[in-house]
Every structure is written in C-alpha cells, then in structure tokens.
Amino acid sequence: MQREFVVFDAMGVLYRHGNVVRGVLIPYLREHGCTHTEAEIREVYRRCTLGAISTGELWSALGVAATASDGDYCSRHELTQDAPEVLRGLGEAGITPLVLTNDAVPWSEQLRLRFGLTAYVETWFVSSAIGARKPDPAAYRPVLAHPGLDAARTRFVDDRPTNLMAAEAAGFRPVLFRSDDTDAHPEPGFQPPVVHTMTGLWKLLSSAGRSA
C-alpha cells in the first residue's frame, strides 16, 4: 500500500509567527541591545538559516553574544493552537507528517522538543542543513526524495503563497494556512485551498483522506 504524507511548514503553520524575524527575532535582539537595522538583521538571519554561519555566530554578528542564547530565543516562540493534536491525528489516520522549514537546525530542534512535536513528525527538513531556503526549488528536492513519497498525492501546507507556488511546481498539492505573514507574499491568481486554523486544516486533510 502506498504511504500517505503531508508536508508542513513550521513558522506560521506549526508555530504562530509567520514573519519570525519581525515577530520574534528583532524584539528579542532589541531587548539585548542590538542596534542593527532590520535589513542587516535579515541578512545575518538568512545566512544562518542557509547554514553559512552558526547560531552562535549570528549572536556575535549582531552584537548580543554576551547575553543572548538559543534556548532563551526559542522560549519566545508560540505554538499554533491544536498543532500537536492535528499531527497526532494524522499519524493515527495513517498519514505521515513531514516538515520543511526555513530555520537553523539548533533552533528547529529546540522548538520541536519544547513543544513535544518530535514523536509526530517522521523527518524535519531544515534549510540550514539543506543549504537552500523555500521558495528555492533546491529546498524541495530532499522532500521529494523521501522514501515512499509521491508528490502528486501529498498536501503541502505553508502560510506563504510564494512557497506554495514553488511546491506546486515541484508536484505537491498546495494548501494555504493563513498567518500574520501571508499577505506579504502574494501570488496574484494563485488560488489553492485556504484554511485559517488547525481545526480547519484537519477537516480538509481528513476529508481528503476519506475520499482518496
């Protein structure tokens, strides 16, 4: 029997903030006295989430290494309501969750452990390990190569239309999960199924599974 999968984004889907730089990282840095501009912070963050520098080097580059830490930063993130329940329910229904996230591996690992998501997700594909960020097509290739995965049968859930357009181009079936960051990444004319909550997502995924 063919295995069924769903691929989740993390920031803006499993975790509340889609614009994690503006919503979490910059406020955290300002608390620690960082005076770099948003553009400068975004560039350092991008390098870190591409694996070019470590998280420790990020804190140093932004002048907060003496007081900032991965654990403290990760404590500022918030879980999307009902995310663990949906992940668990999918597994119980025979649908395997995967995650593809633009993040740094140490942060991704701390967050999944903090929120108890490790047991529910078979594989976490993290941009700093891949060396590519969504919507770069290279970011999707490791997921496409996952054993047993058929992209044409796999829903891809993300809060950014730009990422979903690239996922659709890679063969996945896109689902837009609206977050605080969705409208900042428009794709005019692109109209995938849209959900606003994890409950709505569960209804869509479970009904699709029953009709498959």
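Mentor: Contact here means heavy atoms within 4.5 Å, and helices (H or I, at least four residues) and strands (E, at least two) are DSSP runs, numbered from the N terminus. This is a predicted model: local features need pLDDT of at least 70, side-chain atom pairs count only at pLDDT 80 or more, and totals for chains, interfaces and linings use all residues. Residues are numbered from 1 along each chain as its sequence is written, and side-chain values use heavy atoms, with hydrogens and water left out.

Trainee: OK, which residues in helix 1 meet helix 2?
Mentor: From helix 1 you have Val20, Val21, Arg22, Leu25, Ile26, Leu29 and Arg30, and they meet Glu38, Ile41, Arg42 and Tyr45 of helix 2.

Trainee: And what is the class make-up of that contact?
Mentor: Seven nonpolar, no polar and four charged residues. Nonpolar covers Ala, Val, Leu, Ile, Met, Phe, Trp, Tyr, Cys and Pro, charged is Asp, Glu, Lys and Arg, and the others, Gly among them, are polar.

Trainee: Switching topic: is cysteine 74 buried or exposed?
Mentor: Buried, because its relative accessibility is 2%; the cut-offs are under 20% for buried, over 50% for exposed, and partly exposed in between (1.4 Å probe, protein chains only).

Trainee: Where does cysteine 74 lie, then?
Mentor: In helix 4, residues 70-74. Leaving aside neighbours within four places in sequence, cysteine 74 touches Trp107, Gln110, Leu111 and Arg114.

Trainee: Last one: which residues of helix 9 are buried?
Mentor: Pro161, Thr162, Asn163, Leu164, Ala166 and Ala167. Their cover includes helix 8, strand 4 and strand 5.
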